[in-house]
2 protein chains.
Amino acid sequence: MSAKTIEDLSKCAVHTITTKPWAIETAIDQYAKAGFGGITVWRDAMKGRDIDLVRQHIKDAGLKTAALVRGGFFCYGNPEDRMKAFADNRLAIREAETLGAPMVVLVCGARPGQSLEESRKQIREGIETVLPHAEASGVTLAIEPLHPMYADDRSAINTLRSANELAEYFNSDYVGIAVDVYHLWWDPDLEKEIKRCGKKGNLSAFHVCDWRTPTEDLLLDRGLMGEGCIDIPTIRGWVEAAGFDGFNEVEIFSKRRWESDQSEWLNDIKAAYLKHV
Amino acid sequence: MSAKTIEDLSKCAVHTITTKPWAIETAIDQYAKAGFGGITVWRDAMKGRDIDLVRQHIKDAGLKTAALVRGGFFCYGNPEDRMKAFADNRLAIREAETLGAPMVVLVCGARPGQSLEESRKQIREGIETVLPHAEASGVTLAIEPLHPMYADDRSAINTLRSANELAEYFNSDYVGIAVDVYHLWWDPDLEKEIKRCGKKGNLSAFHVCDWRTPTEDLLLDRGLMGEGCIDIPTIRGWVEAAGFDGFNEVEIFSKRRWESDQSEWLNDIKAAYLKHV
């Protein structure tokens with residue numbers, strides 16, 4: 001299944017973290033000026049801002065908000081942290097509603113040294129606890145399976161199959177999945193699980209970037225599309241064949257790029273998106 | 001299934017790469033002196049040596065050779081490299097036979113930018129090509145599935161399920177699998193796939209070390225057992241329940257540790273093995 005031809009940036013949303021040095025106001029203006037259709041807002045970028053004003057600014061700029069990032073981190077070692085996690089996710093849902101973001105992306109959580117079984121149990125319980133709040137707010141909780149190299153400290157949900165099983169357990173219109181090529185490209189079951197994800201109505205988001213070789217930092221060395229080995233058009237074809245029609249979101253953590261001129265960086269993203277997504 | 005109690009080092013083999021700064025002669029003497037039962041020889045460590053003499057030295061020291069590391073790297077971009085890969089694997093099999101090592105561990109290979117499908121096809125073809133040589137030499141080819149973070153440049157076989165499928169395709173007494181906790185600990189299917197691996201007679205080797213958080217280098221920052229998050233005794237219990245009765249091999253790539261005093265490092269390994277494996 002080949003992907004649709006991409007002719008412009010209207011279906012592309014940029015994550016504010018991708019241009020981390022920019023204040024959110026600059027990001028909004030620059031994304032809009034460059035012609036991108038959407039923005040995905042990281043909560044850190046809204047720190048100290050009135051969310052209603054951010055929403056208005058995004059609207060005035062002609063952008064759509066693809067998602068709010070991020071909730072989750074449902075793993076804890078004591079009852080206090082458990083309550084904190086629930087409260088923070090409720091807050092994220094409220095922020096998404098205020099912002100007009102259709103979903104909160106969940107980095108589900110893990111706790112160094114804690115068994116994966118225990119972490120997975122806590123994640124399920126966490127989603128279960130905040131789901132009524134999400135449903136009442138009309139905000140989808142999008143489970144993002146993370147690469148297995150993050151299994152100890154970021155997320156114990158490490159394959160699309162695991163995410164599918166979790167989403168299907170809830171079988172709610174307000175639980176979905178964010179498919180990120182960076183985390184999932186290596187999986188021999190990827191095509192099959194994307195199909196399943198779409199069929200069950202759980203395919204909520206699609207994130208792109210690339211895998212660099214060598215990868216010099218586990219967290220902050222993601223590549224720009226085309227810089228690495230991921231066959232993004234093929235995966236996008238699978239996602240579209242599974243019925244996905246939302247934004248292609250560019251989410252890149254890159255220390256190198258954050259140290260460079262952000263306007264040039266946004267130009268590079270634009271060119272790479274049109275050529276390699 | 002809980003693992004058998006470990007009371008001494010008789011079932012422990014150390015990989016020469018674990019004490020990389022030592023010449024193989026020093027490694028043999030020091031491992032034997034410390035009471036380890038086995039050694040796993042990396043081919044680099046034998047460079048310039050007469051393999052018969054190394055074999056004799058290991059025997060005289062009272063050690064057993066667990067394996068020769070490593071063959072594989074079956075992915076290529078042109079016919080010349082293809083023939084080179086075959087030739088090198090035949091050579092590794094001959095070296096294992098000469099050394100008296102029961103198996104050659106295979107890092108199957110990957111080629112940056114080449115599709116995983118193509119790499120997996122080349123890997124299967126590579127094993128197929130050298131297998132008659134392995135069978136004639138009485139040397140097992142042990143497929144080692146590598147962590148997904150190595151899928152672009154080291155191995156396109158990234159889960160135990162993929163390795164099981166590959167080994168079962170050959171269904172030979174001379175194709176097996178090396179289970180390394182570092183690569184596989186995160187997999188929700190691990191227990192099930194270890195069981196399957198044992199049942200099919202493919203469980204050839206068991207490697208231990210630990211996953212450190214944060215991991216500062218994708219290749220050279222493996223942890224000593226107990227330093228990280230991997231529940232090694234549980235996994236060893238699964239491996240033993242699946243019928244495995246061979247060496248527990250300590251394979252640790254660690255820049256930090258290689259820069260330290262290797263005798264103290266070997267002492268640390270000894271203590272960690274008795275406590276955390």
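This is a predicted model: local features need pLDDT of at least 70, side-chain atom pairs count only at pLDDT 80 or more; totals for chains, interfaces and linings use all residues.

Select Cys75(A) and you will find it in no disulfide, since the nearest cysteine sulfur belongs to Cys108(A) and sits 8.3 Å away, whereas a disulfide needs the two sulfur atoms within 2.5 Å. Cys75(A) counts as buried, because its relative accessibility is 13%. Now jump to the other chain. Cys75(B) is in no disulfide either, with the sulfur of Cys108(B) as the nearest one at 8.3 Å. Cys75(B) is buried too, given its 13% relative accessibility.

Next stop, the place where the chains meet. Colour A and B separately and select the contacts: 24 residues of chain A touch 24 residues of chain B. The area buried between chain A and chain B comes to about 2100 Å², with carbon and sulfur atoms giving 64% of it.

For one of them, select Arg161(A) and Asp189(B), whose side chains meet at 2.8 Å, N to O. To see what chain A brings to the meeting, highlight α4 (116-137) and α5 (160-170): each supplies at least two residues of the side of chain A that touches chain B. Colour that side by class and you get eleven nonpolar, seven polar and six charged residues.

Now move to helix α8 of chain A, residues 232-241. Is this helix mostly covered or mostly open? Mostly covered: seven of its ten residues are buried. Select Ile232(A), Ile235(A), Arg236(A), Gly237(A), Trp238(A), Val239(A) and Glu240(A) to see the buried set. Then bring up what lies over them in chain A, including α6 (181-184), α7 (190-199), β7 (203-208), β8 (248-250) and α10 (262-276). Step past the end of α8(A) to Gly243(A), which has a positive phi near 100°.

Last, a few backbone spots. Zoom in on the peptide bond from Val69(A) to Arg70(A): it is cis, with omega near 5°. Arg70(A) sits in strand β3 of chain A, residues 64-72. In chain B, select Thr213(B) and Pro214(B), joined by a cis peptide bond with omega about -5°. Pro214(B) belongs to the loop between β7 (203-208) and α8 (232-241) of chain B.

Phe73(A) is not a glycine, yet its phi is positive, about 50°. Phe73(A) lies in the loop between β3 and α3 (79-99) of chain A, and it counts as partly exposed because its relative accessibility is 34%. Over in chain B, Phe73(B) also has a positive phi of about 50°. Look for Phe73(B) in the loop between β3 (64-72) and α3 (79-99) of chain B; with a relative accessible area of 35%, Phe73(B) is partly exposed.

Note on methods. Residues are numbered from 1 along each chain as its sequence is written. Chains are lettered from A and ligands numbered from 1 in the order in which they are written. Side-chain values use heavy atoms; hydrogens and water are left out. Buried means under 20% relative accessible area, exposed over 50%, partly exposed in between (1.4 Å probe, protein chains only). Contact means heavy atoms within 4.5 Å. Buried area is the accessible area (1.4 Å probe) that two parts lose on being put together, summed over both. A salt bridge is a side-chain nitrogen of Lys or Arg within 4 Å of a carboxyl oxygen of Asp or Glu. Helices (H or I, at least four residues) and strands (E, at least two) are DSSP runs, numbered from the N terminus. Ala, Val, Leu, Ile, Met, Phe, Trp, Tyr, Cys and Pro count as nonpolar, Asp, Glu, Lys and Arg as charged, and the others, Gly among them, as polar.
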